[in-house]
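Colleague: Could you walk me through how to read a few features here, starting with a strand?

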Amino acid sequence: MTAAQARFDEAQGALIASGVWHAEAASALPNLAGKAVRILDGTGVTQLDTNGAWLLLAAARPQASDPMPELRAFQPQHLAILQLVAQHCRTTAAQAAPRREGVFELTGRGTLAMWGHLVGLLDFIGRLFIELVLLLPRPGSWRWREFAVQVSTVFVGAIPIVAGMLFLLGVVFAYLLGDQARQYGANIFVVDGLLMAILREISPVIVAVLVAGRTGAAITAQIGTMKVTEEIDAITTLGLSPLAVLVIPRVVALVLALPLLVFIGDIAGLAGGMLVAKEQLDISYSMFMDRLADVILLKTLLVGLGKAPVFAIFIALIACRMGLSVTRDARSVGAHTTSTVVQSLVAIIILNAIFAVTFVKLEI
Amino acid sequence: MAEPVIDVRDVSTTLGGHSIHHNLNLSVERGEVVALIGGSGTGKSVLLREIIGLLKPQAGRIELFGQSVWDSTPEQMNGLRQRFGVLFQDGALFSSLTVEDNVATPLFEHTDLPHATCRQLARLKLALAGLPADAAKKRPSELSGGMRKRVALARALALDPELLFLDEPTSGLDPISARAFDTLIRLLADSLGLTVFLVTHDLDTLFSIIDRVIVLSNGHVLGSGTVAELKHIDDPWLAEYFAARASEGETVHGN
């Protein structure tokens, strides 16, 4: 095995190559700028593959319009490869670099894409509603099994993370609140603040965010992968509706599961607060519970629990729609899953703001 | 040629409690176009995965170019991998890359060539595989099944391997595309001096482009030879296999 070598013979106009000509041989080519190669000489070439052949031919004939050089002293099998490559060498005109888009163009495109998302979501809600109305009088055709599987993954599987998160948030919140309250000797009012914050805001929003990240992403990835493997098409050709089979069980499961998870979050958050109240503020567990019973209003609990199904509908709709709009490649699954989480989070924050303003106006 | 390109010695495989191969032996010489056939579940694909280093057999020794597949260091194995190309059954193209970048990927990774040169070489490989020039900038999802196979073949050829593995190269193709693909493989094998090892169910492939057939049955090699030689082996599965063809009038092209 001798390394590839090539030199240019000015007198003959010949490029003389020798050694092993593979893809790695590119560096052995001399600078041929402005020189016309009339002869390609392969006297010393011991090995040649198509990559090596292309390199030699491309060096001798940089433009397709240049004449084909005379091939000299190549071994017969190398000659065959050179001819095969020469036949299939086609000059594809250099692709123009993609035009860079300006700020206005990007903004315009982004706005149009957002508008498209919104219209698509409305269309999807409409179709889903029709499907639901058609299904309602026929409980026999409900996908109970799929529904049960979804409840178990969405609800049961999420309990540890929801309880753990809210417990820690309860600890942090009670600690900060307690620090302030103690300065005024108002230790016991920590319970009031904690109750209000956890039940009304923290638990619904945090649980919805967790579910959007955990379940929403999973739904999009699963449905998206089913789209890639043509399972959705198979469902359609079997005379079934993908909306009834896949989407409705997930939406209903999420609408049921999210309030339950919020309730678990409420309890975990208060438990975390109770622990801190005892350690930091000397409020015993029984004092905490007494105060809790005094100040708790059913309204406070229901406001938090009532927000949950609304969040759930939006998370499930966004996740299912993004899953169904996956195109047939792997990157699309990733992009749509990301989009699901982002859209869900934005929806949760906006909905929560709307709720807050509405409740204040209605004096709830 | 002293040493075989592929050498499988006493390979035994057990998957999920089922014995797939016991003491299986086969070898392939340089420049041969060899087909592996056998009924469903006889472990053809498993054997292929073992030879290309994706699945470790329980016992035995597999050598490519005289170098052991399963006793090599990762560096040696990577060197070995550049000497063979694999065409997977469904193409296994990278769906997020264009056709051209799919073929150029091995060149990007394993050579020091500038990317522009890699892409030009990729276009040469696409042309060799019989794809039109406008396919280069498309995504795999925009191509038909036959074209995807051709792209996959172009990618398998990117580094100019000496050995080509094909897993059911003509499955899912219409008869005309399948024959064209067969002809292409034979043409490339002859003009580039490739050794080709393919797993197939396609009788037409066997009759048209294959030098030697290896039959897998009950965990070992039942026989090997040209199609004509195999017909003398007394085996119910083989008899039925060739009967399917004989009934429609034999047209042996041979080589």
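Modeller: Strands here are DSSP runs of E with at least two residues, helices are runs of H or I with at least four, and both are numbered from the N terminus. Keep in mind that this is a predicted model, where local features need pLDDT of at least 70, side-chain atom pairs count only at pLDDT 80 or more, and totals for chains, interfaces and linings use all residues. Residues are numbered from 1 along each chain as its sequence is written, while chains are lettered from A and ligands numbered from 1 in the order in which they are written.

Colleague: Why two sets of residues in one strand?

Modeller: In a regular strand, side chains alternate between the two faces of the sheet.

Colleague: And how many residues of strand 3 of chain B are buried?

Modeller: 5 of its 5, residues 33–37. Buried means 20 or more other C-beta atoms within 10 Å of the residue's own; 12 or fewer is exposed, in between is partly exposed, and the C-beta atoms are placed from the backbone. Across the 255 residues of chain B, 42% count as buried.

Colleague: Which strands pair with strand 3 of chain B?

Modeller: Pairing requires DSSP to find at least two bridges between two strands. Strand 3 of chain B runs parallel to strand 8 (residues 195–199) of chain B, over 4 bridges, and also parallel to strand 9 (residues 212–217) of chain B, over 4 bridges. Follow Val34(B): it stands opposite Phe197(B) in strand 8, and its bridge partner in strand 9 is Arg212(B).

Colleague: What does the open sheet in chain B look like?

Modeller: Its 4 strands come in the order 2-1-4-5, with antiparallel pairing. Strand 2 (18–28) and strand 5 (67–68) of chain B each have a single partner strand, so they stand at the edges, with one side of each lacking a neighbour in the sheet. Strand 4 (residues 59–64) meets strand 5 of chain B through 2 antiparallel bridges, and Leu64(B) is opposite Gln67(B) there.

Colleague: Now helices. How do I check the length of helix 8 of chain A?

Modeller: Take 1.5 Å times one less than the number of residues as the expected span. Helix 8 of chain A (residues 242–281) has 40 residues, so it should span 58 Å, and its end C-alpha atoms are 55 Å apart, which agrees. There is a kink of about 30° at Ile248(A), shortly before the proline Pro249(A); the bend is the angle between axes fitted to the seven residues ending there and the seven starting there. Just after helix 8 of chain A, Asp282(A) takes a positive phi of about 55°.

Colleague: Last one: which parts of chain B touch chain A?

Modeller: A contact means C-beta atoms, placed from the backbone, within 7 Å. By that test, 21 residues of chain B are in contact with 22 residues of chain A. Helix 4 (115–128) and helix 6 (175–192) of chain B each supply at least two residues of that side of chain B, and helix 4 gives the largest share, 6 residues. The chain B side divides into 10 nonpolar, 7 polar and 4 charged residues. Here nonpolar is Ala, Val, Leu, Ile, Met, Phe, Trp, Tyr, Cys and Pro, charged is Asp, Glu, Lys and Arg, and the others, Gly among them, are polar.

Technical notes:
Two residues are in contact if their C-beta atoms, placed from the backbone, lie within 7 Å.
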